[in-house]
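Reader: I would like a close look at one part of this model. Please take the aromatic pairs, then the surface and the confidence of the chain around them.

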Amino acid sequence: MSDKKSSEKIIADLLGHIRLSKSFMAWMGILSVSLVVCLYAYFLQLRDGMVVTGLGDYVSWGMYISNFVFFVATSLIGMLISAVLSLLNQKWAAPLARIAEIIALAFAAVAGLVIVMDMGRPERLLNVFIHGRIQSPIVWDVTVVTIYVLISTLFLYIPLIPDLKICSEKLDKLPPFARKIYTLLSLNWKGTPEQHELIKKSTRALAIFIIPVALAIHTVTSWLFANTSRAGWDSTIFGPYFVTGAFVSGTAAVIIAMFVFRKSFKLNEYITDYHFDKIGKLLVLVSLVYLYFNLNEYMVPAYKMKRAEAFHIHELFAGSHAFMFWATQLLGLVIPIILLLFKPFRKPLPILVIALMVLIGSWFKRYIIVVPTMEHPFLPIQNVPLNFKIYTPTLIEIGVTIAPMIMVLLIVTVLSKVIPIIPIQETLDHASETEQK
Amino acid sequence: MIQKKNNIGIIAFVLLAFLVTAPLYARNWKSPDDQKDKKSYLKFDATTASQGEALYNANCASCHGTPGKNNSLKSLNPIPPDLSTKASQQLTDGELLYIVTNGAGLMPSFKNILSEEKEWLIISYLRGFNKEYVQQLSKFDPAKSKLVKLTTTFDKASQSIIIQAIANEKTGVVAIAGAEVSLFVKRYFGNFQVDKSVKTDAMGKATIAFPTDIPGDKTGKLNVLVKMFEANYGEVQKTDSFDIGIPTDKPALNEKRAIWNVVSKAPLWVIGLYSMGLISFLMLLAYLLLNLRKIFKS
């Protein structure tokens, strides 16, 4: 009897956030207005050309490409939490799997748009497919990002099928068309053992397959840099360096999402301090690995100080990019690691602040990877105006850079309003399992 | 004492430097008198000027700039003159032709690059910038050069090419004696002159020794170009080919599969890996869709 009551409570709790509240409307309003402002900046860029940005012949990859790398990076978290941890039987991560997957899908889907926004003539995008060379990392990147978006969608959708059935049955005050969509998407789900088995098999196949694909998207993204001989990019460890960096920014993004969802959807019983503690430890782990790669990435060229590399390293360590470099390394990596070693800092509020630091640091880290190298070509820059040599993003460019971030927030917000962000069926199964024990 | 020694050294150095670089500073575009009076057999008009403009833009403009715009390449020393100016225009047609043909100072010779006719076309274009210019045509009749017949034969015993120049005059066949003959081998860019120019003998014959080490195509074929010049008959050219080079079978660099080649010549391993990735994704997709169908049906 108590079992039945608690399962009803679980369903009620976890479906609680699927309704249109005033705060949701206000939040969506703010996001939409900001997006319109940023899209106006993009309109200006389309109308007047890339001249409205700070990009030029020398720094042709500025904020936009940094943004792209950041987006692809953050989207990798779906693979780490939903696939790797579940395959390793890390039960604590199960309630976070869907949040991670929503974040992954949102960032991966928008990453493609970021690239289009970097193009001066976006209508020529089709040429990548018509004239693309199979040898080019750009073609590989387009391919794997597309595949990753598709797989992430399926990875979100397939485990969701039982929950969609619950939504169509248990959600009251649902407009009939919405109920129809839920019923349609739940694919005749009846909860038979056969259906459970099929879901389990499919999820497992996806969880295994998504690992190489996720590694591929960020490794290929790193090859866009590492396959050139430019100082600062010409590195053999760029693939793993990017992948481990991706886990750092992704974990931080999930922590922020956990905090916000828990607070606004009143999920304190489902996302507990225990989860924050655990994911805090995970963040320490991935950050330590990333720190290790950072050490390699900067220590090895800094020891040899080859001519072009030396110039690059000096600019980062003590030159014009030194402030940003040390700020990202210390505030975005070293200090978070040290703080998170202590349990009190893994409580929800402190870890939120730390995760924000890490996420912002991650964005600027991408900037540090992309821009300084572009400012130091092998051939000396001569007889050009100062603004060609030193990259300064314009206001319009910053607006266009913020637009995709707003899009991610929009996607995450909308998804969190139409699907339960904590897997209901899994929580029910888990509850009944512990009951039986 | 040491000071004095140094001074001598400096003076010696300056003198030496002057001697070495003097040819660069000397305005040595003085042409021989017989060349100075040479006149074009082409009548300069709008057509020849526009043909000349294209040639000028391709060969001359990079240093001399656009005539009248004073935008010649200022980093050279001496600065190449703007050819529309009075200083340049007061040169005779023959002097201009001589400079283009042989070069002057830093200016290279265009002997092996442009035919005499093309040089005249360029001069025709340049004369368009001079309103006072009145052309004096050469008495030379270009139709005469059509009578010339050049024959080239390879003599294996002496490893040389024998050139014979004759003219089919109305009065009968005449051997062209004393004509200047040059032999070239065609390469990717421009021509490679074999040995020096020689004069034909009384029989109209000239012999030019041919090297044994010039790489030819797969069968050793070489394309040769013979140029003959004689005051009476003008310039005549003839191309021919002989299997006298070293057979060379080097595939072009872009013939093999390579990372940097076009997509149809992508390395097989790239195509293989890429397709494998794509196929395994499609297989997974098929498997998942099948499972979804099963869920729906059950």
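Author: Here is a walk through the ring pairs, a surface patch and the confidence scores. The model is predicted.

Start with the rings. Over all chains, the structure holds 26 aromatic pairs. Take B:Phe44 and B:Tyr133. Their ring centres are 6.3 Å apart and their planes meet at 20 degrees, so this pair is stacked. Planes under 30 degrees apart count as stacked. B:Phe44 sits in the loop between helix H2 (33-36) and helix H3 (46-59) of chain B. B:Tyr133 sits in the loop between helix H7 (116-127) and strand S1 (148-155) of chain B. The pair therefore ties together parts that are 89 residues apart in sequence. B:Phe44 counts as buried, because its relative accessibility is 13% and the cut-off for buried is under 20%.

Chain A has a cluster of rings. Ring pairs link A:Trp61, A:Phe225, A:Trp233, A:Phe238, A:Tyr241, A:Phe242 and A:Tyr290.

Now the surface of chain B. B:Leu253, B:Ile259, B:Trp260, B:Trp269, B:Leu273 and B:Met276 make a nonpolar patch of about 770 Å². One of them, B:Leu273, belongs to helix H8 (residues 268-297) of chain B. B:Leu273 is exposed, because its relative accessible area is 53% and exposed means over 50%.

Last, confidence. Chain B averages a pLDDT of 86, and 92% of its residues score at least 70. Within chain B, H8(B) scores highest, at 95. Helix H1 (residues 2-25) scores lowest, at a mean of 62. Over residues 22-26 of chain B, the pLDDT is below 50. That stretch has three contacts in the model beyond near neighbours in sequence.

Terms used: Residues are numbered from 1 along each chain as its sequence is written. Chains are lettered from A and ligands numbered from 1 in the order in which they are written. This is a predicted model: local features need pLDDT of at least 70, side-chain atom pairs count only at pLDDT 80 or more; totals for chains, interfaces and linings use all residues. Side-chain values use heavy atoms; hydrogens and water are left out. Patches are made of residues with over 30% relative accessible area and no salt bridge: like charges are joined within 9 Å, nonpolar side chains (Val, Leu, Ile, Met, Phe, Trp, Tyr) within 5 Å. Accessible areas come from the Shrake-Rupley method with a 1.4 Å probe; for residues, only the protein chains shown count as cover. A salt bridge is a side-chain nitrogen of Lys or Arg within 4 Å of a carboxyl oxygen of Asp or Glu. Helices (H or I, at least four residues) and strands (E, at least two) are DSSP runs, numbered from the N terminus. Buried means under 20% relative accessible area, exposed over 50%, partly exposed in between (1.4 Å probe, protein chains only). pLDDT is the predictor's confidence in each residue, from 0 to 100. Contact means heavy atoms within 4.5 Å. Rings of Phe, Tyr and Trp (its six-membered ring) pair if their centres lie within 6.5 Å; planes under 30 degrees apart count as stacked, over 60 as edge-to-face and the rest as tilted.
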